[in-house]
Amino acid sequence: MQLKNDLFLRAALGQPTERTPVWLMRQAGRILPEYRAVRERLSGFKELVETPELAAEVTIQPVDLLDVDAAIIFSDILVVPEAMGCTYEMIEKRGPLFPNTIKTAADVENVRVADPHEHLNYVLEAIKVTKRELNGRVPLIGFAGAPWTIFAYMVEGSGSKTFSKARKMLYTDPELSHRLLQKITDTTIAYLKAQVAAGADLIQIFDSWAGILPPAHYQEFSYRYIDQICKALTEVPVTVFAKGAFFAMADFAQLDCQVIGLDWNMNIQEARQAIGENKTLQGNLDPCALYNSFEGVKQETRKMLDAFGPHRHIANLGHGVYPDTDPEKVKCFIQTVKEYSQR
């Protein structure tokens with residue numbers, strides 16, 4: 001299908017664009033009253049994720065309401081451990097909880113390498129429905145969590161400031177850790193390839209807990225598995241977003257991916273110098289900048305655009321948009337990117 005707006009994909013591939021494309025992580029979510037209206041009809045978050053027609057509806061909402069240059073399928077990184085047999089609950093205002101965590105070699109043995117068509121078909125169906133409904137308006141992003149981030153939840157059992165249980169396993173049983181990470185990686189590669197076959201135009205890998213690892217552990221227990229995924233995904237462009245991994249920028253330059261996402265604490269010039277000119281950078285406005293006045297949002301957005309420059313940049317926040325952000329401030333950010341970056 002011919003895309004009516006392919007700015008996002010052209011920027012990802014380093015091709016010339018008339019302006020900087022823009023989208024937001026967590027753009028399909030609680031900032032939109034229309035999303036909340038859908039969610040309130042349901043039993044909870046998981047019902048929304050697992051109902052393809054509804055997931056497609058909330059995926060498309062920010063395209064209609066915010067006029068972003070890309071949609072991202074409404075799902076969650078934790079569908080992967082669930083598909084592998086490690087189920088989770090989503091507790092309102094607390095986040096995910098895994099009743100049964102990975103502790104022993106037997107636990108790792110019992111975890112399966114999931115078949116995406118059998119265990120994650122609802123996501124693939126949501127992608128197909130979304131692609132049909134978008135009708136080529138903008139590209140659709142598919143995604144998964146990086147293996148280390150998924151490992152962290154499976155071992156820890158919930159979100160954490162330190163993920164000390166997960167990090168303990170890296171020290172006390174590195175061989176077992178690698179066995180689990182490889183199973184997650186094999187599942188993730190199959191899942192992402194299935195997303196592409198279903199219609200995803202670009203894949204983003206979220207390493208949400210990259211920054212809590214020391215550099216040597218990041219290299220051994222995260223980067224090497226992201227590298228495997230990037231090498232396997234040859235069909236569409238790939239974005240790697242590793243929050244807090246400022247120390248790995250030179251390594252990211254070596255990945256077989258097209259885009260590197262930056263969080264708001266990463267220095268744009270240092271990242272560009274470390275990564276080089278052959279990859280597109282994505283980001284990285286502080287999500288809290290959207291609490292500013294409208295004029296303040298415009299000023300911060302222009303500063304960000306000036307720092308990145310006009311080429312090989314996809315405008316975004318440095319993390320997901322916060323749920324209490326005024327949608328009008330989000331629109332102000334998007335509109336400022338579009339107007340200020342016109343070439």
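The dialogue below shows how to read several features of one predicted model.

Student: What should I keep in mind about the numbering and the kind of model before I start?

Tutor: Residues are numbered from 1 along each chain as its sequence is written, and side-chain values use heavy atoms, with hydrogens and water left out. This is a predicted model, in which local features need pLDDT of at least 70 and side-chain atom pairs count only at pLDDT 80 or more, while totals for chains, interfaces and linings use all residues.

Student: Which residues of the largest nonpolar core touch the most other members?

Tutor: In soluble globular proteins, nonpolar side chains tend to be buried together. A nonpolar core is a set of buried Ala, Val, Leu, Ile, Met, Phe, Trp, Tyr and Cys residues joined through side-chain atoms within 4.5 Å, where buried means under 20% relative accessible area, exposed over 50%, and partly exposed in between (1.4 Å probe, protein chains only). Here the largest nonpolar core has 128 residues, and those that touch the most other members are Phe151, Tyr218, Val240, Phe252 and Phe333. Helix α11 (residues 174-198) gives the most to this core, with 10 residues; helices (H or I, at least four residues) and strands (E, at least two) are DSSP runs, numbered from the N terminus.

Student: What does Phe151 touch, not counting residues up to four places away in sequence?

Tutor: Contact means heavy atoms within 4.5 Å. With those neighbours left out, Phe151 touches Ala166, Met169, Leu170, Ser177, Leu180, Leu181 and Ile184.

Student: Where is Leu54, and why does it count as buried?

Tutor: Leu54 lies in helix α4 (residues 52-66), and it counts as buried because its relative accessibility is 14%. Leaving aside neighbours within four places in sequence, Leu54 is in contact with Val38, Arg41, Leu42 and Leu48.

Student: How is the largest pocket described, and which residues are closest to its centre?

Tutor: Rolling a probe the size of a water molecule over the atoms shows where empty space is left. On a 1 Å grid over the protein atoms alone, a pocket is an open set of points where a 1.4 Å probe fits, with protein on both sides within 12 Å along at least five of seven lines, and lining residues have an atom within 4 Å of a point. The largest pocket has a volume of about 1400 Å³, a volume being the space filled by probe spheres set on the points, which are joined across faces, edges and corners. Of the 42 residues that line this pocket, the closest to its centre are Arg26, Arg30, Asp76, Met90 and His319. The largest share of the lining, three residues, comes from β3.

Student: What is the phi of Arg26, and where is this residue?

Tutor: Arg26 has a positive phi of about 65 degrees although it is not a glycine, and its place is in the loop between α1 (7-12) and α2.

Student: Which residues does a cis peptide bond join?

Tutor: A cis peptide bond joins Gly283 and Asn284, with omega at about -10 degrees, and Asn284 belongs to strand β8 (residues 280-285).
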